[in-house]
Amino acid sequence: MKTKLIQVSILVKEEQELSKDEQKLVDEACQATYRSYAPYSHFYVGAAVELADGTIVSGSNQENAAYPSGLCAERTAVFYAGARYPDNPIRRLCIAARDSGGSPLCRPIAPCGACRQVLLEAEQRAGRPIEVLLYGTDGIYIVHSIKDLLPLEFDESFL
Ligand code: THU
């Protein structure tokens with residue numbers, strides 16, 4: 001028997017420690033939370049995606065009365081980036097959220113499993129790691145690659 005150890009290193013920054021570019025992406029993600037359509041969960045999520053040429057696109061969660069028909073902010077942004085800029089790979093992504101009272105989350109937001117899977121494929125498509133900023137007012141987690149968010153990943157290599 002042996003143990004397989006998987007280690008992930010996450011940088012934790014306070015807002016004043018962010019670079020200008022990082023702050024811009026955080027601001028875009030926070031602004032996107034105000035474009036969320038979340039009449040059912042009242043959980044307002046925003047995502048901002050930075051592409052290789054510096055273009056930033058954003059998305060927010062879009063809910064539906066038929067609950068599973070809605071989509072998370074991350075996938076809205078990533079799919080939009082792929083649809084609008086197919087040859088411009090994703091380099092960085094920031095996610096932010098506000099709670100039902102409208103306040104930004106203290107704890108860095110954790111992307112759902114389905115979004116991690118979609119981000120993994122975006123990373124493989126980009127051919128290099130996508131950095132992820134998970135925004136919280138208590139601190140910002142900076143994750144260096146989607147693989148750090150989704151170890152033991154399932155991808156096309158299994159097919
Ligand atoms: N949601 C996101 O948009 N991103 C996440 O990372 C977690 C969850 C959305 C889906 C749904 O509209 C609401 O938040 C509550 O789950």
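**Ligand surroundings and ring contacts in a predicted model**

A polar side-chain atom of Glu-63 is placed 2.5 Å from an oxygen atom of the ligand, a polar contact being a pair of N or O atoms within 3.5 Å, where, within protein, one must be able to donate a hydrogen and the other to accept it, and where residues adjacent in sequence count only if both atoms are side-chain atoms. The structure is a predicted model, in which local features need pLDDT of at least 70 and side-chain atom pairs count only at pLDDT 80 or more, whereas totals for chains, interfaces and linings use all residues. Residues are numbered from 1 along each chain as its sequence is written, and side-chain values use heavy atoms, with hydrogens and water left out.

The residues around the ligand, each with a heavy atom within 4 Å of it, include Ser-41, Phe-43, Val-45, Cys-72, Glu-74, Ala-110, Pro-111 and Cys-112. By class, this shell comprises seven nonpolar, two polar and two charged residues, where Ala, Val, Leu, Ile, Met, Phe, Trp, Tyr, Cys and Pro count as nonpolar, Asp, Glu, Lys and Arg as charged, and the others, Gly among them, as polar.

The structure also holds two aromatic pairs, for which rings of Phe, Tyr and Trp (its six-membered ring) must have centres within 6.5 Å, with planes under 30 degrees apart counted as stacked, over 60 as edge-to-face and the rest as tilted. Tyr-40 and Tyr-67 form a tilted pair, at 5.5 Å centre to centre and with 40 degrees between the planes. Because Tyr-40 lies in the loop between helix 1 (20-32) and strand 2 (44-51), and Tyr-67 in the loop between strand 3 (56-60) and helix 2 (73-84), the pair ties together parts that are 27 residues apart in sequence; helices (H or I, at least four residues) and strands (E, at least two) are DSSP runs, numbered from the N terminus. Tyr-40 is partly exposed at a relative accessible area of 39%, whereas Tyr-67 is exposed at 61%, buried meaning under 20% relative accessible area, exposed over 50% and partly exposed in between (1.4 Å probe, protein chains only). Phe-154 and Phe-158 form a stacked pair, with 5.4 Å between the centres and 15 degrees between the planes; Phe-154 is partly exposed, at 45%, and Phe-158 is exposed, at 59%.

Arg-98 lies over the face of Tyr-34, at 3.8 Å from the ring centre, an arrangement that requires NZ of Lys or CZ of Arg within 6 Å of the ring centre and within 35 degrees of the ring normal. In helix 1, where Glu-22 is placed, the side chain of Glu-22 reaches the backbone nitrogen of Ser-19 at 2.8 Å, and Glu-22 is buried, with a relative accessible area of 7%.

Backbone angles complete the description. His-42, in the loop between helix 1 and strand 2, has a phi near 55 degrees, a positive value in a residue other than glycine, and is partly exposed at 36%. Leu-152, in the segment after helix 4 (146-149), likewise has a positive phi near 55 degrees, and with 69% relative accessibility Leu-152 counts as exposed.
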